[in-house]
Amino acid sequence: MLQRRIGTLRPEFNQTVLINQTQFDSTYFRLDDIPNELTSGKNMFKIYGNNETLLSGTEILIQVTDINGNPIYHHVNNFIDSTGRLVIGIWIYPETPPGLGKIEIMGIATQRPGGRVIPANWRGQYNIRWTREVVIKPDAVNKTPIIFQNVPAVKIFEYEREYLTQTYVAGSSIANQTNQGQLTYTYSGFGDATVTITGANFSASHAGGLLTIPTPSFTLPTGYTLQQGEDTAYSSYISQVINNTTIKVDPYVLGIQATYTPLTQRGNGSPVGTGGTVNSAYPVTSFGPISTYNIEFQQDAIYATGSTNSQSFASVTLKNIDPIVGKVHSIKTLMKSHGFANYTEVGHEILQERDLLINVGSSLAYDRMGDYKSQEIINTFWVSESVNQPGAVTHCKHDDSQMISSLLISGSTQLSASTNYPAIPIHTDPFLKVATKTGIEIYKDNEYQLKFKVTAEADTIDQVKSSYIDVYISGSGIGATDLRNLGHKLVTLETSNKAPQFVTNVSQFVGLSSQILSSGPINAPAINGIPIRDPSINSSVAIPAGFVSNTQQTLNANSLPGIDERLLELTYTPTLDTDAHIIFAVTRGKWYFSDVSLEGANDYGFTPNHTFLEFPIETPQADDVLDFKFEFYNTRGEIANITLTTQSLDFVGSNTYIDGNSNVLSGSILIGGGILMQGFS
């Protein structure tokens, strides 16, 4: 989630003015592209002040407010279009209240409409206000034209990946698993329903599968009897696997065919309703003490290398995708051989946030480091150690018991005591450190969000203090913000009380209640002018946006509706291009993490400013020199004002591979200049 930019109310807009204008346009401000509605993301209008009617050299004031009169952030861009109009951006976030808002503009007029003289008591002060009511729709798609002030940057690498052989544990890609257990169905009347099981286990691969219970238990209402031969099997798709005992399913009511017989009579002897066969639906409440169930699901493939066939791919990293107005909906990629004249389209993808916490150089292009489906993923991409502690005590393993596909960090009870333990830790206290092995490239001034699901519990029932963890982002260009010297601390999470309570809602962590940091002690040590503090002090700060009438502040993601209660989102903007590592530093308790990702920060209607694309390349010849062009489009299919091009990139290309038994060589092939293969005519 993006850091929020918050507007401020200007006192001038509360004053009485000489000239009030509400018409669509104004000869004073000469407005253009005024929207009928403000939708999600960065909206736009343009202004071209009239020097003949406004006092030259004075500031034009702009204010945008929502239905409640609260300020909406606007951005006076340092960008003038080809006709000399200044571009103004208005930012609508998902939580902006819908309804009738208002755009107001004030200036200092030198004449009244029709050229009449300004009275002496109104001269040289803000005396004209233009007002326009506008509908605010934060859930509507952004259709504003895309305008870039700064050109996005691109980096392209070639990866040659071999074709992999896929095998499956159960033989085919679709597996059927039959088991028995006690299943309980819970539905609140909205959203997905919950199914829990006792005596069996769900797995991560079951997500998206079809759950079937051939003979569920249910009770028909009074007056209904089941038709003979009617199939009453329960069947529903699994929308989410919570842990190995809990899944979410599509809401379901049992649809059956039944016979209805009236049981009561009216006073005149006529029956209530008519009998006969009816199609009805009845809510499922339980499936009986023990039920047989079947799950049909797509298995995770097992990939094997060893093929001699390969394919060339272009791996494209795009950064600084930051239009001043509009949203990039899709990116079209075109390519040509450097010796050819015409570009051809090789890809047209919808732009969305991508998990950057991946191993790009692996056989699979999208190996996620934070999807802990197995212990192998943890061992391959993560490293653990104990710090300030004699001997190794770190426990870092795969776990499905609390959240599916989780990383479990435990063993804090084996840390040796210190004079400060178990109070708020200091940098000399022992802790467990778990970090990514591979650095991820992140870029200056691009805003990022680290997202993960987290739950916590005491390491043992005898744990004497609340569970405690610090989360850092580290790298060669990332300065330390506390005395541990691990990098920039993103957040401290602490449970409100000790064992054995299990915390599954991030809003219950104490560390999220105080996100703003004071300047710290004057005599605090510093690196590059940044005060260095003990890890107990939260290092998330409010950052000025650098605009006169607007500010920027952090917003707790969990204060918004509809968010997974275990999901935490943390934002970070580097000051340099750098590699980045994620670090979890555990002082006390057991901590479970799942679905860890690092993405370009994004919100509905806004453009993620860092992403990557990968697509196969067919080169006209081996070792070809290629040119690429990237075009940016909004939801209307309108192209942005900037097109990005690169030139003269050397690509080796794919190998030539001939398979099968029906290939024909009708001519001749010269191999290596010394062997001639002659076909037939």
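Author: The protein chain has one helix and 46 strands; helices (H or I, at least four residues) and strands (E, at least two) are DSSP runs, numbered from the N terminus. This is a predicted model, in which local features need pLDDT of at least 70 and side-chain atom pairs count only at pLDDT 80 or more, while totals for chains, interfaces and linings use all residues. Residues are numbered from 1 along each chain as its sequence is written, and side-chain values use heavy atoms, with hydrogens and water left out.

Of the 681 residues of the protein chain, 47% count as buried, where buried means under 20% relative accessible area, exposed over 50% and partly exposed in between (1.4 Å probe, protein chains only). Taking contact to mean heavy atoms within 4.5 Å, we can look at contacts in the protein chain with a separation of 6 or more: 75% of them join residues 24 or more positions apart.

Now to the rings. Searching the whole structure turns up 12 aromatic pairs. Rings of Phe, Tyr and Trp (its six-membered ring) pair if their centres lie within 6.5 Å; planes under 30 degrees apart count as stacked, over 60 as edge-to-face and the rest as tilted. One of the pairs is phenylalanine 452 with phenylalanine 593: the ring centres are 5.4 Å apart and the planes stand at 70°, so this pair is edge-to-face. Because phenylalanine 452 belongs to strand 33 (residues 448-457) and phenylalanine 593 to strand 41 (residues 590-600), the pair ties together parts that are 141 residues apart in sequence. Both phenylalanine 452 and phenylalanine 593 are buried.

Strand 41 also holds tryptophan 591, whose partner phenylalanine 509 lies in the loop between strand 35 (488-494) and strand 36 (526-527), so this pair ties together parts 82 residues apart in sequence. The pair of phenylalanine 509 and tryptophan 591 is tilted, with 5.4 Å centre to centre and 35° between the planes. Phenylalanine 509 counts as buried because its relative accessibility is 2%, and tryptophan 591 is buried too, at 0%.

Let's return to phenylalanine 452 and phenylalanine 593 for a moment: together with Tyr372, Trp382 and Phe584, they form one aromatic cluster.

A charge sits over a ring if NZ of Lys or CZ of Arg is within 6 Å of the ring centre and within 35 degrees of the ring normal. Arginine 484 places its charged end over the ring of phenylalanine 431, 4.3 Å from the centre. Arginine 354 lies over the face of phenylalanine 612, at 5.9 Å from the ring centre.

Finally, let's follow phenylalanine 509 to a residue it touches. Not counting residues up to four places away in sequence, threonine 495 touches Phe509, Ala456, Ser466, Ser467, Val503 and Val510. Threonine 495 is found in the loop between strand 35 and strand 36, and it is buried, with a relative accessible area of 4%. A polar atom of its side chain lies 2.8 Å from the backbone nitrogen of serine 467. For reference, a polar contact is a pair of N or O atoms within 3.5 Å; within protein, one must be able to donate a hydrogen and the other to accept it, and residues adjacent in sequence count only if both atoms are side-chain atoms.
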